[in-house]
Amino acid sequence: DAVVAAGDGNVVAATSNLTGSIWDGRVFGLTSNGTVEAEILVECGMADLCAIGEGQFLAACDDGMVRVIHSGGAMIISGGHNGVVNAVSVSGTTGATAGSDRGIQFYDLEKHSAEPARFEGHCDSVNSVDWNGANVLLSASSDGTVCVWDARNRPICKSSVAIHVGSVAHVAAFCKSGERVLVGTEKHELLCYDIRSSAALPVWGEVGLRGPVRKLKPSPHNSSLCAAATDAPSVLLVNVDTGKIDRTLTHHRDFVRALSWDKQVPGRLYTGSWDKSVAEVRIS
């Protein structure tokens with residue numbers, strides 16, 4: 001369900017498993033040769049994972065809680081959502097979470113016992129969040145909107161841009177240094193908007209994809225490249241400037257739900273799938 005590049009060819013993967021009627025999860029530390037170096041049991045499934053420091057990761061959990069994962073185990077942070085946590089994103093010492101309970105919550109990662117600040121700006125499930133700097137947050141929702149929020153006075157956030165995509169927005173991500181936003185919808189569309197413009201129409205759109213886009217990860221080394229994980233299953237390498245799909249990777253056999261670029265090595269991409277595998281791909 002989630003992968004994070006951990007440096008030196010290592011990767012951390014979060015998994016979910018249904019045992020009878022109960023979901024549980026595990027976080028694996030994998031070395032560059034695929035060896036399992038560490039395994040941490042979590043009490044529930046996980047939808048997303050991101051790094052928050054050396055050897056620490058923030059996990060979005062299906063039981064509504066947010067956990068810090070480290071070598072000693074999984075620690076619940078005070079406060080939670082009234083439903084599944086769909087996504088997490090970190091900027092500095094602030095973690096933002098997207099909940100199926102329509103809320104966005106802000107966690108102080110230096111004060112794990114502090115209650116999170118909560119904000120509700122959508123009327124349906126919030127499916128993804130993405131920071132651009134310390135105070136600008138992007139959210140995608142099942143209510144069919146994608147919003148850019150001025151979060152300087154959080155939890156009171158002001159919408160600076162609201163995009164109506166016309167269907168469930170599964171995921172949205174900033175690209176081109178925050179100038180553009182990519183959106184994946186339930187209608188098997190991948191849409192690109194220039195948020196500097198007041199125009200409501202996308203700059204470009206790829207429609208009729210074989211499956212919905214579930215995860216978007218812009219390359220940290222090439223501002224014109226973004227990876228898109230789909231239920232086809234496939235990974236699309238998309239030119240953000242033109243909308244052209246430069247490559248379609250079909251190395252997984254089930255839904256692709258996890259993507260992570262290696263910030264140390266240009267062109268190294270990790271992908272994770274419901275086929276229970278993590279793959280390393282080199283993009284030239």
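Trp 274 is partly exposed, with a relative accessible area of 41%. On that scale, buried means under 20% relative accessible area, exposed means over 50%, and partly exposed is anything in between, using a 1.4 Å probe and protein chains only. This is a predicted model, so local features need pLDDT of at least 70 and side-chain atom pairs count only at pLDDT 80 or more, while totals for chains, interfaces and linings use all residues. Residues are numbered from 1 along each chain as its sequence is written, and side-chain values use heavy atoms, with hydrogens and water left out.

## Aromatic pairs

Searching the whole structure turns up 3 aromatic pairs. One of them joins Phe 119 and Trp 149, whose ring centres are 4.8 Å apart with planes at 75°, so this pair is edge-to-face. Here, rings of Phe, Tyr and Trp (its six-membered ring) pair if their centres lie within 6.5 Å; planes under 30 degrees apart count as stacked, over 60 as edge-to-face and the rest as tilted. Because Phe 119 lies in strand β12 (residues 117-119) and Trp 149 in strand β15 (residues 145-150), the pair ties together parts 30 residues apart in sequence. Strands are DSSP runs of E, at least two residues, numbered from the N terminus. Phe 119 counts as buried at 11% relative accessibility, and Trp 149 is buried too, with 6%.

Phe 255 and Trp 274 form a tilted pair, 5.2 Å centre to centre and with 50° between the planes. Phe 255 is in the loop between β24 (245-249) and β25 (256-261), and Trp 274 is in the loop between β26 (268-273) and β27 (278-282), so the pair links distant parts of the chain, 19 residues apart. Phe 255 is partly exposed, at 27% relative accessible area.

## A three-stranded sheet

What is the order of the strands in the open sheet of 3 strands? It is β25-β26-β27, with antiparallel pairing. β25 and β27 stand at the edges, each with a single partner strand, so one side of each has no neighbour in the sheet. From one strand to the next, the twist averages 25°, with axes taken as lines fitted to C-alpha atoms and angles running from 0 to 180 degrees between N-to-C directions.

Strands pair if DSSP finds at least two bridges between them; β26 and β27, which run antiparallel, are joined by 5 bridges. Gly 272 stands opposite Val 278 in β27.

## Nonpolar core

The largest nonpolar core has 15 residues, and those with the most contacts inside it are Leu 182, Leu 190, Trp 204, Val 213, Leu 216 and Cys 226. Strands β17 (169-175), β19 (190-194), β21 (213-218), β22 (225-230) and β23 (234-239) each supply at least two residues of this core. β17 gives the most, with 3 residues. Such a core is a set of buried Ala, Val, Leu, Ile, Met, Phe, Trp, Tyr and Cys residues joined through side-chain atoms within 4.5 Å.

## Cysteines

The whole structure contains 0 disulfides. Cys 61 is in no disulfide, and its nearest cysteine sulfur, that of Cys 44, is 4.1 Å away. For Cys 175, also in no disulfide, the nearest is the sulfur of Cys 226, 4.4 Å away. A disulfide is a pair of cysteine sulfur atoms within 2.5 Å. Cys 61 counts as buried at 0% relative accessibility, and Cys 175 is buried with a relative accessible area of 2%.

Methods:
Helix = DSSP H or I, 4+ residues; strand = E, 2+ residues; numbered from the N terminus.
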